[in-house]
Amino acid sequence: YFTIFEIRGGGFFINQSKWYIIFRNWILRHSDYIFSQGMENKPLIEQVCQKPFFYYPNYLDTEFLPKELPHKDMQEIRLFFFGRIEQAKNVKLIVEIAAILQKQYKNISLTIIGNGQTDYVADVRTLMRDRLVPGSYELLPGCPHDELRKHLPDKHFYIFPSEQIFEGHSNAVTEAMAYGIIPIASPQGFSRTVVGNDELIVDELSAEQYAKRIARIIEDNRFNELSAFVYNRIQENYTCSIVRNKLSDVYSKI
């Protein structure tokens with residue numbers, strides 16, 4: 001049989017049990033072509049075999065994309081997170097980042113949208129009340145995907161300090177970037193490849209380091225530059241038509 005093996009999401013190389021590694025490596029060596037959702041897998045695959053490799057990332061449907069880069073009013077700097085509200089995503093750390101920035105600036109707000117375990121969500125809500133300026137924050141339940149678009153145009157920074165071991169190509173990071181929201185993210189999963197700028201990746205899981213990265217962009221007056229960069233990165237790499245055409249080319253070669 002002619003076999004294409006596609007690695008979707010993250011975590012393929014995490015399990016280090018003996019039989020998992022044996023089976024994983026057998027699959028890779030017996031595949032004729034390997035697709036991966038993240039470039040981060042490529043050097044790991046090359047340690048096992050030298051099979052043809054194709055980067056096949058997540059993408060955004062045309063109807064979700066804004067027609068142009070949204071204008072961002074800088075009178076208020078809006079921090080944002082949407083996704084699963086859980087410990088592995090370090091949502092409490094996001095609140096601490098906002099609290100640090102509020103001590104430096106008078107115009108910082110934080111919006112969190114998502115669902116999660118009841119106790120953890122309650123802890124996040126309490127932390128927001130205790131650490132943030134009254135009226136400067138909101139915690140909203142998860143919404144349908146189509147409704148998400150109304151929350152994106154006016155936001156400035158998407159904070160993503162994820163430690164989720166199976167993190168792959170985060171749809172949330174891609175969706176935020178499409179609206180010119182600058183991601184400040186951990187290197188977990190495939191975020192380094194997707195973001196395409198190490199200046200926006202924070203290797204240390206520290207509220208202070210995340211806050212410093214955001215403050216530097218504000219102080220250096222580089223928000224518009226980096227907002228345009230992430231917007232254009234999606235337009236040039238992660239739309240449905242671009243990924244489909246690249247995939248079609250690969251299929252033609254095969």
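Lysine 89 forms a salt bridge with glutamate 167, with 2.8 Å between the closest N and O atoms. A salt bridge here is a side-chain nitrogen of Lys or Arg within 4 Å of a carboxyl oxygen of Asp or Glu. Lysine 89 lies in the loop between β4 and α3, and glutamate 167 in the loop between β7 (157–160) and α6 (171–178), so the pair ties together parts that are 78 residues apart in sequence. Helices (H or I, at least four residues) and strands (E, at least two) are DSSP runs, numbered from the N terminus. Both lysine 89 and glutamate 167 are buried. Buried means under 20% relative accessible area, exposed over 50%, and partly exposed in between (1.4 Å probe, protein chains only).

The model is predicted: local features need pLDDT of at least 70, side-chain atom pairs count only at pLDDT 80 or more, and totals for chains, interfaces and linings use all residues. Residues are numbered from 1 along each chain as its sequence is written, and side-chain values use heavy atoms, with hydrogens and water left out.

The whole structure holds 14 salt bridges. One of them pairs glutamate 76 with arginine 78, with the closest N and O atoms 3.7 Å apart. Glutamate 76 is partly exposed, at 29% relative accessibility. Arginine 78 is buried, at 18%. Glutamate 225 forms a salt bridge with arginine 222, and their closest N and O atoms are 2.8 Å apart. Glutamate 225 is partly exposed, at 45% relative accessibility. Salt bridges with shared partners join Glu76, Arg78, Asp154 and Lys155 into one network.

Asparagine 90 sits in the loop between β4 (77–82) and α3 (91–104). Asparagine 90 is buried, with a relative accessible area of 7%. Beyond its neighbours within four places in sequence, asparagine 90 is in contact (heavy atoms within 4.5 Å) with Tyr120, Pro161, Ser162, Glu163 and Leu205. Proline 66 is 24 residues from asparagine 90 in sequence, and the two are 29 Å apart in space, C-alpha to C-alpha.

Most residues other than glycine have a negative phi. Asparagine 90 is not a glycine, yet its phi is positive, at about 55 degrees. Asparagine 221 also has a positive phi, near 55 degrees. Asparagine 221 is in the loop between α8 and α9 (223–237). Asparagine 221 is exposed, with a relative accessible area of 69%.

Two packed helices are described by the angle between their axes and the distance between the axes. α3 and α8 (residues 207–219) pack at about 50 degrees, with axes 9 Å apart. That makes α3 oblique to α8. Axes are lines fitted to C-alpha atoms, for helices over the stretch in contact, and angles run from 0 to 180 degrees between N-to-C directions. Angles under 35 degrees count as roughly parallel, over 145 as roughly antiparallel, 65 to 115 as roughly perpendicular and the rest as oblique. From α3, the contact is made by Leu93, Glu96, Ile97, Ile100, Leu101 and Gln104. From α8, it is made by Ala207, Glu208, Tyr210, Ala211, Ile214 and Ala215.

Threonine 174 is placed in helix α6. Threonine 174 is buried, at 1% relative accessibility. Residues up to four places away in sequence aside, threonine 174 touches Leu60, His169, Val194, Ile234 and Tyr238.
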